[in-house]
Amino acid sequence: MSSTDLNKRFEFRDILAVEADQASIIEQICFPPEEACTDAMMRERTIKVPDLFLVAVDRESGKIAGFLNGIATNEDSFRDEFFADAQLHDPNGSYVMLLGLDVLPEYRGKGLAREIVSRYLKREHERGRKEVILTCLDAKVAMYQKMGFCDNGIANSSWGGEQWHEMRYAFHI
C-alpha cells in the first residue's frame, strides 16, 4: 500500500491509556512470552510515556493494527532495564530507545510497519532527538537496514535470553 492508502485506512496517533490492554494483547501475539513485555509493563508505558507510542488504528474496526513504542533518555547505549522500567524515561532525552514494533499478522506485508517507523522517525527528528536506537534479532537486521538503521553489531542486551543486534538511526541535525 502507498503512504496515501495507509493514511486513508489507518489513523496514526499517540496511544490512549484505555488502550493498554489492547496493546498488551498485541504484544503477546507479536513476541514470544520470554521477549514480550508484561501487562504491568505495558500499562506503565502507556501511562508514563504515551507520547513515545505511535499506534496505527484501523479506521474501519477502530482497533489497533500495530504500534511502535519507546522511551527517551540521555544514555547512548541500549540496556535491558529500558524494557522493564518506564521510570528511566527522560522527556528531554536526546536518544529514543525503541522497545517494540508490533504489527498484527493480518496487517503484515502491506507496508504498515515501514509507515509506522517512518512517521515515528520524522516525529522524533522534529522533537530534536539525536538518535533512535533499537535491538533486533538477526532475522530483522535487513528489514531495519532498509528503513535506514545501521547495524552496530551485537548489543549489550540479552532480553529474553536472546542475542540482539543494536541498530541506530542518527539524525543529521
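**A close look at T46**

Tutor: Start with a polar contact. In this predicted model, a polar atom of the T46 side chain lies 2.9 Å from the backbone oxygen of R43. T46 itself belongs to helix α3, which covers residues 39-48. Is T46 buried or exposed? The cut-off for buried is under 20% relative accessible area. T46 has 2%, so T46 is buried.

Now the neighbours. Set aside residues within four places of T46 in sequence. What remains in contact with T46 is I15, A17, A20 and F53.

I64 sits in strand β3, residues 64-73. I64 has a relative accessibility of 2%, so I64 counts as buried. In sequence, E19 and I64 are 45 residues apart. In space, their C-alpha atoms are 8.4 Å apart.

Next, the aromatic rings. A pair of rings is described by two values, the distance of the centres and the angle of the planes. Rings pair here if their centres lie within 6.5 Å. That rule gives nine aromatic pairs. One of them is F10 with Y107. Their ring centres are 5.7 Å apart and the planes meet at 70 degrees, so this pair is edge-to-face. F10 lies in strand β1, residues 10-13. Y107 lies in the loop between β4 (95-103) and α5 (112-126). F10 is buried, at 2% relative accessible area. Y107 is buried too, at 10%.

A second pair is Y144 with F149. The centres of these rings are 5.7 Å apart and the planes stand at 80 degrees, so the pair is edge-to-face. Both Y144 and F149 are buried.

F78, F82, F83 and W159 make up one aromatic cluster. R79 lies over the face of F82, one of these rings, at 5.1 Å from the ring centre. Elsewhere, R119 lies over the face of F12, at 4.0 Å from the ring centre.

Finally, step back to the whole chain. It has six helices and seven strands. From the N terminus, the order is α-β-α-α-β-β-α-β-α-β-α-β-β. Of its 173 residues, 49% count as buried; T46 and I64 are among the buried residues. Take the contacts between residues at least 6 apart in sequence. Of these, 66% join residues at least 24 apart.

What about overall dimensions? The C-alpha atoms fill a box of roughly 40 × 35 × 30 Å along the principal axes. A compact globule of 173 residues would have a radius of gyration near 16 Å. The chain has 15 Å, which agrees.

T46 is buried, lies in α3, and has a side-chain polar atom 2.9 Å from the backbone oxygen of R43.

Notes:
Residues numbered from 1 in each chain as written. Heavy atoms only, no water. Phe/Tyr/Trp six-rings, centres within 6.5 Å; stacked < 30°, edge-to-face > 60°. Helix = DSSP H or I, 4+ residues; strand = E, 2+ residues; numbered from the N terminus. Buried < 20%, exposed > 50% of the residue type's maximum accessible area, 1.4 Å probe, protein only. Lys NZ or Arg CZ within 6 Å of the ring centre and 35° of its normal. Polar contact = N/O pair within 3.5 Å; in protein donor to acceptor, adjacent residues only side chain to side chain. Contact = heavy atoms within 4.5 Å. Rg over C-alpha atoms; globule rule 2.2 N^0.38 Å.
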